[in-house]
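These are my notebook entries on a structure that I had not examined before. I set down what I looked up, one topic at a time.

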Amino acid sequence: MIETASLLAVLPELILTGSGLVLMLIAAFGGDRSTHAVNWLAVLALLAAGLSLCTSMAHGPVAFDGLVRADAFSVYAKALIYGAAGAAILLAPRFFATGGALRPEYAVLIVFAAIGMGMMVSAGDMLTLYVGLEMNSLASYVLASFMRQDEKSSEAGLKYFVLGSLASGILLYGISLLYGFTGSTAFDGIAIAMGDGVSKGELFGLVFVLAGLAFKISAVPFHMWTPDVYEGAPTPVTAFFGSAPKVAAMGLMVRVAIEALGPAGLDWQQIIIFVALASILFGAVAAIGQTSIKRLMAYSSINNVGFALVGLAAGTPAGVAATMSYMAIYVVMTIGAFACILQMRDADGKPVDTIASLAGLSQSRKGLSAAFAIFMFSMAGIPPLFGFWAKFLVFDAAVAANLTALAAFGIAMSVIGAFYYLKIIKTIYFDEPAAPYEAKGGAVENIIMAACAIVIVFGYLLNPLLDKASAAAAASLF
């Protein structure tokens, strides 16, 4: 018999599941006329799920005999996921008004993806992990190819599906190896089995599991899908991919590394360090020659994932807290940057994504130019903006864990990465004006852009709250 406490532990998922089913019925019977209503109802469902998070944690950290964790870590990650998912829904209508008809299925798919992401960060067992990950992935494949008449969007969806299926197979093989050599799929059971020493079979399972998860966060060398999918998918979908699923996959990797693979820390630490180094280097260098701002953001996401992994490589509570703080700040920067990108429209209102089209933007759209500058400076890690604090936290955790060389490498690569962020600012403020953009942006885009910019500029006032929340989330894993 299922206990009431277990049901309350997954209350956010129950709310979203019920809402998703109701929204599907509304979309089926209302057709495209119901799009506006479905969008706002989906946002309200995500808000309700977010408000229920405290209730889910109040009845104990373990539910369904260990299959699900309802701890501070899952609450922290889900709050970020639901916020980013809601923003992706709100940013969509104006884009699709000119780029193709928005259908009510868009919001429904994001709601179901949010259910999968919630299961990912709450997983206490490899089976829960896999079910949640696949639920998120299946919705994401459809979202990437949402503009069916657009060749690039269809290509993005197909590439994401093929490579995602390969990564899922690798992950599943790793899970089967861990189960075969440890005799358990539960994180606690795997950790106990590895406490007696890591066998070669367990080591192979560990490598395959981390490889599968590295694909989901688009870390090198499993990044190959990211630039094409970011460029080909509709821009609101790209904003979604760059935020919520990144948090879910990073949270899942942190939980697996600390809870399930904790006794094998020396083994997985070497893998994480290599992936972090490769992602920071490749993301910094590969973005330099990009002409599409969406492809540049793809390489920027690879670069940022590398920095976030520096905190995980430390393997300490302070390192995990730094990683989660980094992801919170990264989500705000990403949503804000894509709110700016969505306003890159020519005089006829058609979306453009070339960096060259930003030339001289400061002369016609001063507010948009200032927002672009804030987000680019922050991503480059320029103080006193909030993005600097994110990098400082992970480097500080790495130094405290005697990974000074890793921190030094990350700092050096930050200088290279700053080049392409500063190139965008230079294009906006110093180049000869290109063809003018439309006179003003959409109200929703402006509100989200302004809110994110305020957080990035005055984020240090939130430091006590962010540090406390991140520390509590990290402590729940140890």
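This is a predicted model: local features need pLDDT of at least 70, side-chain atom pairs count only at pLDDT 80 or more; totals for chains, interfaces and linings use all residues.

Entry 1, helix H18. I looked up which residues of H18 are buried, a term that stands for under 20% relative accessible area, with exposed over 50% and partly exposed in between (1.4 Å probe, protein chains only). In H18 they are Leu368, Ser369, Ala371, Phe372, Ala373, Phe375, Met376, Ser378, Met379 and Ala380. Helices here are DSSP runs of H or I with at least four residues, strands are runs of E with at least two, and both are numbered from the N terminus. I then asked what covers the buried residues of H18. The cover includes helix H16 (293-314), helix H17 (317-341), helix H19 (386-400), helix H20 (404-430) and H21, where contact means heavy atoms within 4.5 Å. The expected span is 1.5 Å times one less than the number of residues. After H18 comes Gly381, with a positive phi near 85°.

Residues are numbered from 1 along each chain as its sequence is written, and side-chain values use heavy atoms, with hydrogens and water left out.

I recorded 22 helices and two strands. The radius of gyration, taken over C-alpha atoms, is compared with a globule rule of 2.2 Å times the number of residues to the power 0.38. For 478 residues a compact globule would have a value near 23 Å, and the protein agrees with its 21 Å. Its C-alpha atoms fill a box of roughly 65 × 55 × 40 Å along the principal axes. I found 59% of the 478 residues buried. Of the contacts with a separation of 6 or more, 80% are between residues 24 or more positions apart.

I checked residues 72-90, which form H5: the 19 residues reach 27 Å from first C-alpha to last, close to the 27 Å expected. H5 is mostly covered, with 15 of its 19 residues buried.

I asked which peptide bond is cis beside Val220. The bond joins Val220 to Pro221, with omega about 10°. Pro221 is in the loop between helix H11 (200-216) and helix H12 (226-232). Ser218 lies in the loop between H11 and H12 as well, and its phi is positive, near 55°, although the residue is not glycine. Ser218 counts as buried because its relative accessibility is 0%.

I found a cis peptide bond from Pro383 to Pro384, with omega near 10°; Pro384 lies in the loop between H18 and H19. Asn402 is in the loop between H19 and H20. Its phi is near 65°, a positive value in a residue other than glycine. Is Asn402 buried or exposed? I noted a relative accessible area of 69%, so Asn402 is exposed.

I placed Ala451 in helix H21 (residues 443-458). At 41% relative accessibility, Ala451 is partly exposed. Between Ala451 and Met297 I noted 154 residues in sequence and 20 Å in space, C-alpha to C-alpha.
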